[in-house]
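Dear colleague,

Please find below the structure that I am handing over to you. My notes on what was found in it follow directly after.

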Amino acid sequence: MGVLREKMIEEMKLRNFASRTQKSYVAAMVGLAKHYRQFPDQLTQEQIRTYLLDLQERGLSSSSLNVNISGLRFFYQQVLGWNEEQLFLPPRKRTWRLPEVLSPREVERLLGATVKLRDRCLLMTAYAAGLRVTELIHLKLSDIHPERMMIRVEQGKGKKDRYTILSQRLLGELRKYKQAYQPVLWVFFGKSRNEPLHISAAQKIYNRAKQKSGIEKGKGSHTLRHCFATHLL
């Protein structure tokens, strides 16, 4: 299956797919192949549909199932050249759930539960600027524009640049952080100042603060992005 995998990755790179999308789509193809212990180009439409039904019966979430469907559709149509008749996968209705949002007081509790200045500053930046975790860890010193009170987000979701707000309180915290930690390139760096903080480390910081604060709502640091949007409204 190595040749098929490489061809699939090549096609996704040509279309400039995000690395996470590439991994998810490849995982969908590998999961199908492992299920039947056959090369995916040797499977029938009925086998593919049966596999997806099996995933649904296992209790896979709608979002995860949709990712699998998208990955398999890409592989069979764009890599193998199947048409709609050869691979008919009916569209699924998406389920929409309102995200759990913390109150402003709960956000204060979360920030107050951090021990290190770095951890508090990281969570505050995620909240005050509405950043996704990948945007947060790839934030550079040059992206902070105090003269305009803006933060530049480079190549965010959808490979798009954008600007977001920089509050006076966050700017003050970032200045304290910069003086204490002396970052060189990345605002929040990893073991070396020349590499960004790992995404798992950022999530651990959020989870530790959440546990210590006793807050039960909100799964993952993306909660702070939801709080940013809701509190602005």
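Ser-221 is buried, with a relative accessible area of 7%; buried means under 20% relative accessible area, exposed over 50%, and partly exposed in between (1.4 Å probe, protein chains only). Please note that this is a predicted model, in which local features need pLDDT of at least 70 and side-chain atom pairs count only at pLDDT 80 or more, while totals for chains, interfaces and linings use all residues. Residues are numbered from 1 along each chain as its sequence is written, and side-chain values use heavy atoms, with hydrogens and water left out.

Ser-221 is located in the loop between α9 and α10. Helices (H or I, at least four residues) and strands (E, at least two) are DSSP runs, numbered from the N terminus. Apart from neighbours within four places in sequence, Ser-221 is in contact (heavy atoms within 4.5 Å) with Val-133, Gln-203 and Tyr-206.

The nonpolar cores

A nonpolar core is a set of buried Ala, Val, Leu, Ile, Met, Phe, Trp, Tyr and Cys residues joined through side-chain atoms within 4.5 Å. The largest one has 39 residues, of which Leu-110, Leu-122, Leu-123 and Phe-188 touch the most other members. At least two residues of this core come from each of several elements, including α5 (104–112), α6 (117–129), β2 (150–153) and α9 (199–213). The largest share, nine residues, is supplied by α6.

Leu-123 shows which parts meet here: with neighbours within four places in sequence set aside, Leu-123 is in contact with Leu-110, Leu-111, Thr-114, Ile-205, Tyr-206, Ala-209 and Leu-224. There is also a second, separate core of 25 residues, and among its members are Ala-28, Tyr-51, Leu-65 and Tyr-76.

Helix α5

Which residues of α5 are buried? They are Glu-106, Val-107, Leu-110 and Leu-111. Seen down the axis of α5, these buried residues fall within an arc of 140°, so they line one face of the helix; the arc is that of the directions from the helix axis to the C-beta atoms. Arg-105 and Gly-112, on the other side of α5, are exposed. The cover over the buried residues of α5 includes α6, α9 and α10.

Aromatic pairs

Seven aromatic pairs are found in a search of the whole structure. Rings of Phe, Tyr and Trp (its six-membered ring) pair if their centres lie within 6.5 Å; planes under 30 degrees apart count as stacked, over 60 as edge-to-face and the rest as tilted. Tyr-25 and Phe-74 form a tilted pair, 6.1 Å centre to centre with 45° between the planes. This pair links distant parts of the chain, 49 residues apart, with Tyr-25 in helix α2 (residues 19–36) and Phe-74 in helix α4 (residues 62–79). Tyr-25 counts as buried at 15% relative accessibility, and Phe-74 is buried at 7%. The rings of Phe-75 and Tyr-76 have centres 4.9 Å apart and planes at 80°, so this pair is edge-to-face. Phe-17, Tyr-25 and Phe-74 form one aromatic cluster.

The sheet

Three strands form an open sheet in the order β1-β2-β3, with antiparallel pairing; two strands pair if DSSP finds at least two bridges between them. The edge strands, β1 (144–145) and β3 (162–165), each pair on one side only. Two bridges join β1 to β2, and His-145 stands opposite Met-150 in β2.

Yours sincerely
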